[in-house]
Amino acid sequence: MLISEVLLAYSMIVITLLTLVIIFTKDLVNAVVLSAAQSIFFVIALYLLLAVDVALVYLPVAVGGYSLIFLYAIGKTERFEKVAGYSRKLIFLSVMAFMLIAALLIGMLAGGYTGWIPREVTRPLARFVLRSTINHLNKTFWTSSPEAVSATVWDYRGLDTFFEIAVFYGSIAGCLALFRFIDVVFKERPIEKADVGLSIVAKASCKIIFALIAVASASLMLHGHLTPGGGFQGGSAFSIALMVVIIPLSQYFLRGLGLEERRLMLLRSIGLTLIALLILLPAALGGYIFQNQAKLWADFGYPTIIGGFWTSGSIFFLNLFDGMAVAAGFAIIFLILSIPEECFKRLMKVKP
Amino acid sequence: MNFVWIMIISCLIITTFLSLYGIATRPNMIKKIVLYSTFSDVINVFIILLGYRRSLNPRVPVLHLHPTSEEIAVFEMTSVDPIVQTLVLTAIVIGLAVMLFLTFLVIQVYRLYGTIDTREIAKKSRLRG
């Protein structure tokens, strides 16, 4: 029995119990914090299953991003769930009985009939990717990236990633449409010196933390084609760093630096345009869309090494631009969430 | 060894059903969204589990820049599946996009109805016609 399997089972049990507590707690802040704790156990599980890239994207998104967005939403709406009270003992007993029966049933099913355990050989398609991604001897299908996940994201299954970027872009456009009175808010109430945020100790320590997270996210973004990481991982980590600045220094600090919604949207659009150019350029020069390295039937190929730095063809640049676009998109969301709700209510003429 | 995997998989299945139960029965919309995030995470772990390989020394699908042909052969035979990881990466990003929009919709619902309790929203919308 491997220790990693035991740890995996342990984190799964904790996840199940935390789900129960989340269902029955009435305080939503409590539920969100417990959900963040649950996400940490999900990250542990993903790491133990050797999905390091997924764990790296999951950590900023679920532990940082989701919790912050939910907490903002609770702050803008209401904190307690109005449910008729259950007897706590009854809840506990029924849930425990349910779990016991379910575990026994499923355990018997799994052990007696299917006996499923992960297999020892992966699928042929996976073996093909692993065999050809950095094969110097047979360059027919190679991507020149030693990181098989990044190679799949930006080369073998590039159109999937394009779809993903499109969905993310559309969702941010929808969020902005729901908060469409931003300009009017700032015309009515110009930025004052009074909006300064927390004390100097909090500000100084948060600046140090900002620098640390920014360096880590830059490393994730720039080395995503060589080591686990990538554009989305780095971009979302950087947006969490921005959030660490927004909470103590207030949103007006970022706005004072010139990082407001329109500019961030511009930055995001520039990133997406550069991605579009990079993926369309091979098609114009005799290759196909999303081509990275030269193939036998399509002669176009991006250079593998530029100035002594291994760029893996277009993968490095795609990671960089994607990281830029994602960081800007997240920053827009956090900025519009940190505008006080009264401004919007007054503008929408909602009865209090 | 089998027992540990039975444990892992039954916990995953129970969490799936518990989160679905929560989505169906809790009236508060934010609670529904939080449980929906749990639900999608469990499904993602399931998919990752499909690409896991239970050998003595499974490894992360990352190699170095100048491998020899022997190293590539060993890499092919010991590394876990990179394709399911890519799919889950995409799924997490799309899930995040959906979650962002859902949260903003909840805020908008609160602006319009003054509550995010689905029962009260149903009453109010019936009154409005």
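**Figure 1. Helix H4 of chain B, end to end.** At 1.5 Å a residue, the 32 residues of H4(B) should span 46 Å, and this agrees with its end C-alpha atoms, which are 46 Å apart. The expected span of a helix is taken as 1.5 Å times one less than its number of residues. Helices (H or I, at least four residues) and strands (E, at least two) are DSSP runs, numbered from the N terminus. This is a predicted model, in which local features need pLDDT of at least 70 and side-chain atom pairs count only at pLDDT 80 or more, while totals for chains, interfaces and linings use all residues. Residues are numbered from 1 along each chain as its sequence is written, chains are lettered from A and ligands numbered from 1 in the order in which they are written, and side-chain values use heavy atoms, with hydrogens and water left out. Of the 32 residues of H4(B), 23 are buried, so the helix is largely enclosed by the rest of the structure. Here buried means under 20% relative accessible area, exposed over 50%, and partly exposed in between (1.4 Å probe, protein chains only).

Figure 2. After the helix comes B:Gly114, which has a positive phi, near 80 degrees.

**Figure 3. Where chain B meets chain A.** Together the two chains bury about 9,200 Å², 75% of it on carbon and sulfur atoms. That buried area is the accessible area (1.4 Å probe) that two parts lose on being put together, summed over both. Between chain B and chain A there are 19 residue pairs in polar contact, both residues at pLDDT 80 or more. A polar contact is a pair of N or O atoms within 3.5 Å; within protein, one must be able to donate a hydrogen and the other to accept it, and residues adjacent in sequence count only if both atoms are side-chain atoms.

**Figure 4. Salt bridges across the interface.** The rule finds 6 salt bridges across the interface of chain B and chain A, and the count over all chains comes to 10. Each is a side-chain nitrogen of Lys or Arg within 4 Å of a carboxyl oxygen of Asp or Glu. One joins B:Arg26 to A:Glu81, with the closest N and O atoms 4.0 Å apart. This pair runs from the loop between H1 and H2 of chain B to the loop between helix H3 (52-76) and helix H4 (88-114) of chain A. Both B:Arg26 and A:Glu81 are buried. There is also a network of salt bridges linking A:Glu78, A:Lys82 and B:Glu120.

**Figure 5. Two arginines of chain A and their partners.** The side chains of A:Arg123 and B:Asp81 meet in a salt bridge (3.9 Å, N to O). A:Arg123 sits in the loop between H4 and helix H5 (124-132) of chain A, and B:Asp81 in the loop between H3 and H4 of chain B. A:Arg123 is partly exposed at 33% relative accessible area, whereas B:Asp81 is buried at 3%. A:Arg127 forms a salt bridge with B:Glu76, the closest N and O atoms being 3.8 Å apart. That pair crosses from helix H5 of chain A to helix H3 of chain B, and B:Glu76 is buried, with a relative accessible area of 11%.

**Figure 6. A:Asn292 and its surroundings.** A:Asn292 lies in the loop between helix H12 (261-284) and strand E1 (305-306) of chain A, and is buried at 1% relative accessible area. A polar atom of its side chain lies 3.0 Å from the backbone nitrogen of A:Ser314. Leaving aside neighbours within four places in sequence, the contacts of A:Asn292 include A:Thr143, A:Asp155 and A:Tyr302.

Conventions: Contact means heavy atoms within 4.5 Å.
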